[in-house]
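Colleague: I am new to reading protein structures, and I would like to learn how to look at one feature after another. Could we go through this one together?

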Amino acid sequence: MTAVQVPGTPVISDGRLVSTSPATGDEAGSVPVATAGEVGRAVARARTAGQWWAGLGFTGRRTRLLRWRALLAQRVEELAELIHVEGGKPVGDAVVEVLTAIEHIDWAARNARRVLGPRRVRSRLILAEFAGHLEYQPHGVVGVIGPWNYPVFTPVGSAAYALAAGNAVVLKPSEYTPVVGQWLVDTFAEVVPEQPVFTAVHGLGDVGAALCRSGVDKVAFTGSTATARAVMAACAESLTPVLLEAGGKDAMIVDADADLDAAAEACVWGALTNAGQTCIGIERVYAVAPVYDEFVGKVVARAERLTVGADSADLGPITMPSQLDVIRRHIDEAIAAGGRAVVGGPAAVQPPYVHPTVLVDVPESASAIREETFGPTVTITRVADADEAVRRANALPYGLGGSVFGRRDAVAIARRLRSGMASVNSALTFAGMSTLPFGGVGDSGFGRIHGEDGLREFGRAKSVTRRRARSLLPAMTFERTPTDVARIVKITKALYGRR
């Protein structure tokens, strides 16, 4: 095994990026580190490959993508085990991640023609002699910069849609999970061996920056808000469009008529799954006063039952070692500010693990409330009513997802959340629904993956008009006469002049 200082920390040795398990330090594999020149050459090869891929048409691409989907389904155990070894995620959670990615590949492949294909668009009076047509053409080469917390589901959520739209894709996986990213592109090459349509470049942040400046036609990024700003700045140099899915501090609201058992179960899952390393994870809960105490008790009972460890546990290790310091700081500051840990607490941080921690009575000014923790912690706050809960939930600059539990007003409350997504009487479920767009507002980024909006993100709208008859109302020509103008004025008043 290659020696490393801290298990899970990426190490570059002899031009290769060595990836290790955050739980054991065992080597998961290694991949070649790309120079800026090699990134540029990869994009150039992808551009040629993309032209071939686009030429297959929707039917040809669908066939290849469905073969890739089938291959992933056949080898789900292998991929899940690799995710577990490299990132520490429990195998069961990894299986669910792969399943969700497979669902998105399937939907994108089957629906790309319907959403992006050429179609006729109705014209209006002023150009009634013209027919309108709309289609979405591929950008060319899309750079995808993926995260480590969901190293299959998240990059596939961009790559599969970009591929279905006719683009080639160059993936820069996280330096914490490069072997999983390479596995994805290698399996795709098994079903598309002719051209390097889906490839990977590896390295640290400088490789991601090189990809942004490599001449790609669009960049889809998932990661922290700070890195999203750096990506956007790099892409701005060449006006390369970006799709950014950044951080979150998602809130759950528990109303007075909520099913408290269901709410507690969803809270524990939404906050603690993947050891809390989920961008749409529930990090804050606002429970109305009449149900607050009972709800907290039910959350505590469930959180205390969870196991933590390397294998066959509910929660695995913290994948990125430096995140342990953030989690520790948030817990310590919350306690120092008057908060209480009803589960876990400062002693819960036991590298490389963090045990479940439930904090109450934490002031809204604390970092545990205001900053993304990205660990297995959650704050629960008592509020007077749903209106106060919504105000507090919307008080932060983040706006990714959210959750509401209740009966009579739950949907109306969910609509008031300043977020790109919300789930009612569940948590995180919008991520797995391939028919719905996924993305945030504010410091959580912009643009959408998944669903029809996700497909359109990876195509350029191309509008075409075609003359089909002589102009009865000549407007856009120097040949129009004063009589024509008078007729235009008369018709305008008749059609649009009434309130």
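Colleague: Is Leu-239 buried or exposed?

Modeller: Please keep in mind that this model is predicted. A residue counts as exposed when its relative accessible area is over 50%, and because Leu-239 has 75% relative accessibility, it counts as exposed. Leu-239 sits in the loop between α8 (225–236) and β10.

Colleague: What is the phi of Leu-239?

Modeller: The general idea is that most residues other than glycine have a negative phi. Leu-239 is not a glycine, and yet its phi is positive, at about 55°. Asn-425, which is not a glycine either, has a positive phi of about 60°; Asn-425 is found in the loop between β19 (423–424) and β20 (445–446), and with 39% relative accessibility Asn-425 counts as partly exposed.

Colleague: Is the peptide bond from Pro-351 to Pro-352 cis or trans?

Modeller: In general, most peptide bonds are trans. The bond from Pro-351 to Pro-352, however, is cis, with an omega near 5°, and Pro-352 belongs to the loop between β14 (349–350) and β15 (353–354).

Colleague: Which residue does UniProt list for "active site"?

Modeller: The unreviewed UniProt entry lists Glu-245 under that heading, and such annotations may be inferred rather than shown by experiment. In the model, Glu-245 is part of strand β10 (residues 242–245). Buried means under 20% relative accessible area, so Glu-245, at 5% relative accessibility, counts as buried. Not counting residues up to four places away in sequence, Glu-245 touches Phe-221, Thr-222, Gly-223, Cys-279, Leu-400, Phe-438 and Ser-444.

Colleague: Where is Ser-367 placed, and what is it in contact with?

Modeller: Ser-367 is in helix α12 (residues 367–370), and at 5% relative accessibility Ser-367 counts as buried. If we leave aside its neighbours within four places in sequence, Ser-367 is in contact with Lys-249, Arg-329, His-330 and Glu-333.

Colleague: How should I read a whole helix, and how many residues of α6 are buried?

Modeller: One can begin with the length: helix α6 (residues 178–191) has 14 residues and reaches 21 Å from its first C-alpha to its last, close to the 20 Å expected at 1.5 Å a residue. Next comes burial, and since 10 of the 14 residues of α6 are buried, α6 is largely enclosed by the rest of the structure. Among the buried residues of α6 are Trp-183, Leu-184, Thr-187, Phe-188 and Val-191.

Colleague: At what angle do the axes of α2 and α6 cross?

Modeller: The axes of helix α2 (residues 57–74) and α6 come within 9 Å and cross at roughly 125°, which means that α2 is oblique to α6. The contact is formed by Arg-64, Leu-65, Arg-67, Trp-68, Leu-71 and Leu-72 of α2, together with Trp-183, Leu-184, Thr-187, Phe-188, Glu-190 and Val-191 of α6. The crossing of α2 past α6 is right-handed.

Colleague: Which residues of α10 are buried?

Modeller: The general idea is that an α-helix has 3.6 residues a turn, so residues three or four places apart point the same way. In α10 the buried residues are Val-291, Tyr-292, Phe-295, Val-296, Val-299, Val-300 and Ala-303. What covers the buried residues of α10 includes β11 (250–254), α9 (260–272) and β12 (282–288), as well as β13 (340–343), β16 (357–360) and β17 (377–383). As for length, the 15 residues of α10 (residues 289–303) should span 21 Å at 1.5 Å a residue, and the end C-alpha atoms are 21 Å apart, which agrees.

Note on methods. Residues are numbered from 1 along each chain as its sequence is written. This is a predicted model: local features need pLDDT of at least 70, side-chain atom pairs count only at pLDDT 80 or more; totals for chains, interfaces and linings use all residues. Side-chain values use heavy atoms; hydrogens and water are left out. Helices (H or I, at least four residues) and strands (E, at least two) are DSSP runs, numbered from the N terminus. Buried means under 20% relative accessible area, exposed over 50%, partly exposed in between (1.4 Å probe, protein chains only). Contact means heavy atoms within 4.5 Å. The expected span of a helix is 1.5 Å times one less than its number of residues. Axes are lines fitted to C-alpha atoms, for helices over the stretch in contact, and angles run from 0 to 180 degrees between N-to-C directions. Angles under 35 degrees count as roughly parallel, over 145 as roughly antiparallel, 65 to 115 as roughly perpendicular and the rest as oblique. A crossing is left-handed if the near helix is turned anticlockwise from the far one by less than a right angle, and right-handed if clockwise.
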